[in-house]
Number of protein chains: 2
Amino acid sequence: MGTTLSERKKQILRTVVVSYIKTAEPVGSRTVVRSQRMGLSSATIRNEMADLEDMGYLVQPHTSAGRIPSQLGYRYYVDNLMALDDMSGDIEREISITMSREKMREIEQIIVHSARVLSSATNQTSLIMGPQFKKSAFRQMRILPLEEKRSLVVLITDTGFIKNKVIDLQQQLSPSELQQVVSYLNQKLYGLTIDQVTTSLINELKRDLFRRLEILEQAFILLEESLKEEKQIRVFLGGTTNILNQPEFKDVDKIRRMLNLFEQEPLLFKILEDSSSEDNIVVRIGTENECEDIRECTLVTGTYKIHDKTIGTVGVLGPTRMDYGRVINVMRRLVDHLNESLSS
Amino acid sequence: MGTTLSERKKQILRTVVVSYIKTAEPVGSRTVVRSQRMGLSSATIRNEMADLEDMGYLVQPHTSAGRIPSQLGYRYYVDNLMALDDMSGDIEREISITMSREKMREIEQIIVHSARVLSSATNQTSLIMGPQFKKSAFRQMRILPLEEKRSLVVLITDTGFIKNKVIDLQQQLSPSELQQVVSYLNQKLYGLTIDQVTTSLINELKRDLFRRLEILEQAFILLEESLKEEKQIRVFLGGTTNILNQPEFKDVDKIRRMLNLFEQEPLLFKILEDSSSEDNIVVRIGTENECEDIRECTLVTGTYKIHDKTIGTVGVLGPTRMDYGRVINVMRRLVDHLNESLSS
DNA sequence: CTTTAGCACTCTGAACTTTAGAGTGCTAAA
DNA sequence: TTTAGCACTCTAAAGTTCAGAGTGCTAAAG
């Protein structure tokens, strides 16, 4: 459908989009003429622009203003016109410098730092979903008795996660009893993803074990709880104030709604999860987003991995008028670096 | 000095403060007359108000506007006039309901939740400093070998904190070697606050131990690192968007500066630490605050404890025009509940 | 058939003006 | 000491003006 655009129209559409992204001002025919070598008059451009408007790629805020890209216009730009001239040198350097400045050991630190880098390199708000524990596979479980009735449970996954939780036991278990339970569980659960460790599976194991050892109730509660807790995953934000620099957010009310959104972690999680796709950078423009609240924004998402296992999503959120080329480039680099940092 | 205010002036000052807190509009003499039983005319009130202005308790935004309280005025109000009529019933119920809705096990959860409650009950932004690990006393240390060269170090404090960290050892240590180190450390460190475990102390121990056991370098690095990491303590925010509801923040630029501040955790930490005082609720109005960025705000702080040990600070930040009575009441209740939740 | 010059027309946003209302300070009388 | 009364001040909102940017259309030129 849209592909039927003449070369000239494409050219013009690109110019309008690029200019509007840069200046946030509606683009008039004169402006297009100026930033174009092909020697056409403004009148001709005007006609073409009127056509592009009819086709839905451009809109006029009001008669006698320049044109701005419609959502469709952005879409076409992203799909067909955008130059992903990887000026990698620039960005690459910028990111790799800040990313590797200090070797960061803790996963959380790496993520927080990535969010910062991402937001400052794009001048937008960045969202990074913390590693999704539940997608990892169970490797082993350990129990470290602390005091009489308290123990530390340690879960280790194939992605190198080490999750631990202190639990209170109703009854005291002897070390050998504990050992039995633990080795039984290790055997049964090995290799399952945390997602697969459902309540029903746990119940099944419980029945099985009960016959042999009676005291285990608590041990199971423990396991269940330490898993349940991971259901809500943290989302890390960077550069939330960047939206204040965007002229589309000069209205206090919009700001309020946006910041409000940022405070609702579960929602952010859903937004990220909905739009991400493994191995691809996804661009969702305006109403392409499920979530009502970001229908005037664009969300660009990518995914990151630990040991080749996709484990989380990173996103950049900003007005539809966003420097798509830059954002996509930056995100590519960042995800690469992130994968690298996390897998070591 | 200020105490020389006549009863009538106090009355008037109170009325002005209360009214301005409620409406955010400068208060004129007519308004004062209306909300006052004593049968005085507006002219009299005007004279009194002019006096109060001379004394520095009130200011006029411009001639021919009503008066608004100066910083000094607020100060006087808080110190002498404020009615702390604990309408505890109301607040108490509101807080205790939301605080105890579900028994929350993890400390972090409790804190995050408290921040929410605090902000929504006051309609301001709340800041809660995460528990200051370093003020706790060392109880014991454990090491759980995971794989060949990885171990999990567990630190337990007298306040019931359990802090753990995975570390990579350069060389493999035999269980008995580890055991020796650990028990030596436990003996030496028992009862010291984490603050007291300084680098120099560590070095001293290191020298001492070296004679007996050579491989310990890593074990110490480990200890040092797990402590160092705790130096930056998290600050949890609640209701950051609430400042947007305050008319004093209708200017986008102010909002920007404020939100910017919120993104700088170390600064927030400093702000909280500077102004808090053990066992007392502290009110810092305007320029009474050290920090430049909140010179137009009031910060109310309190502290919370675990097992009778002061371990962190909670704060409410808002414009100087803030409902001091309510905020202070709410904070009292909240701190009580927090103490209770954390000490169980 | 396409392009272009020219022109009348539209719309906005910034700058200025106007005006009602709220509030003051002062004076003189109670 | 208090108060009524009045002239004066200042603001914030509503209205007015005006230049500038941009358009669409028409008619001529390529």
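Visitor: Which residue has a side chain that the side chain of B:Gln246 meets in a polar contact, and at what distance?

Guide: This is a predicted model, and in it the side chain of B:Gln246 makes its polar contact with the side chain of B:Arg321, at 3.3 Å. A polar contact asks for N or O atoms within 3.5 Å, one able to donate a hydrogen and the other to accept it, and the 3.3 Å pair of B:Gln246 and B:Arg321 is counted as one.

Visitor: Why is B:Gln246 called buried?

Guide: Its relative accessible area is 10%, and buried means under 20%, so B:Gln246 is called buried. B:Gln246 is placed in the loop that leads from β7 to α10 (252–263) of chain B. Once neighbours within four places in sequence are left aside, the residues in contact with B:Gln246 are B:Asn123, B:Gln124, B:Pro319 and B:Arg321.

Visitor: How do you know whether B:Ser64 is buried or exposed?

Guide: Exposed means over 50% relative accessible area; B:Ser64 has 69% and therefore counts as exposed. B:Ser64 belongs to the loop between β1 (58–59) and β2 (68–69) of chain B.

Visitor: Where does B:Ala24 sit, and what class of accessibility does it have?

Guide: B:Ala24 is found in the loop between α1 (7–23) and α2 (29–34) of chain B. With a relative accessible area of 23%, B:Ala24 falls between the limits of 20% and 50%, and so it is called partly exposed.

Visitor: What makes a residue count as one that surrounds DNA strand C, and how many do so?

Guide: One of its heavy atoms has to lie within 4 Å of the strand, and 19 residues surround DNA strand C, the closest being A:Arg8, A:Thr44, A:Ser64, B:Ser29 and B:Arg67. Of the atoms of DNA strand C that come within 4 Å of the protein, 76% are accounted for by sugar and phosphate. By class, the surface near DNA strand C has three nonpolar, twelve polar and four charged residues, and helix α3 (residues 42–55) of chain A gives the most to it, with four residues.

Visitor: Which parts of DNA strand C do A:Arg8, A:Ser41 and A:Ser64 reach?

Guide: An N or O atom in the side chain of A:Arg8 is 2.9 Å from a phosphate oxygen, and a polar backbone atom of A:Ser41 is 3.1 Å from a phosphate oxygen.

Visitor: What is found around DNA strand D?

Guide: Around DNA strand D there are 19 residues, of which A:Ser29, A:Arg67, B:Thr44, B:Thr63 and B:Ser64 come nearest. Sugar or phosphate holds 78% of the DNA strand D atoms within 4 Å of the protein, and the rest belong to bases. The largest share of this surface, four residues, comes from helix α3 (residues 42–55) of chain B. A polar side-chain atom of A:Ser29 lies 2.8 Å from a phosphate oxygen, a side-chain N or O atom of B:Arg8 is 3.0 Å from a phosphate oxygen, and a polar side-chain atom of B:Arg46 lies 3.3 Å from a base oxygen of DNA strand D.

Visitor: Why are β7 and β8 of chain A said to stand at the edges of their sheet?

Guide: The sheet is open and has five strands in the order β7-β3-β10-β9-β8 (chain A), with antiparallel pairing. β7 (235–238) and β8 (282–285) of chain A each have a single partner strand, so one side of each is left without a neighbour in the sheet. From one strand to the next, the twist averages 20°.

Visitor: How do you know that β9 and β10 of chain A pair?

Guide: Two strands pair if at least two bridges are found between them, and strand β9 (residues 297–306) and strand β10 (residues 309–319) of chain A share ten bridges in the antiparallel sense. In this pairing A:Cys297 stands opposite A:Pro319 in β10(A).

How values were computed
Residues are numbered from 1 along each chain as its sequence is written. Chains are lettered from A and ligands numbered from 1 in the order in which they are written. This is a predicted model: local features need pLDDT of at least 70, side-chain atom pairs count only at pLDDT 80 or more; totals for chains, interfaces and linings use all residues. Side-chain values use heavy atoms; hydrogens and water are left out. Helices (H or I, at least four residues) and strands (E, at least two) are DSSP runs, numbered from the N terminus. Ala, Val, Leu, Ile, Met, Phe, Trp, Tyr, Cys and Pro count as nonpolar, Asp, Glu, Lys and Arg as charged, and the others, Gly among them, as polar. Buried means under 20% relative accessible area, exposed over 50%, partly exposed in between (1.4 Å probe, protein chains only). Contact means heavy atoms within 4.5 Å. Axes are lines fitted to C-alpha atoms, for helices over the stretch in contact, and angles run from 0 to 180 degrees between N-to-C directions.
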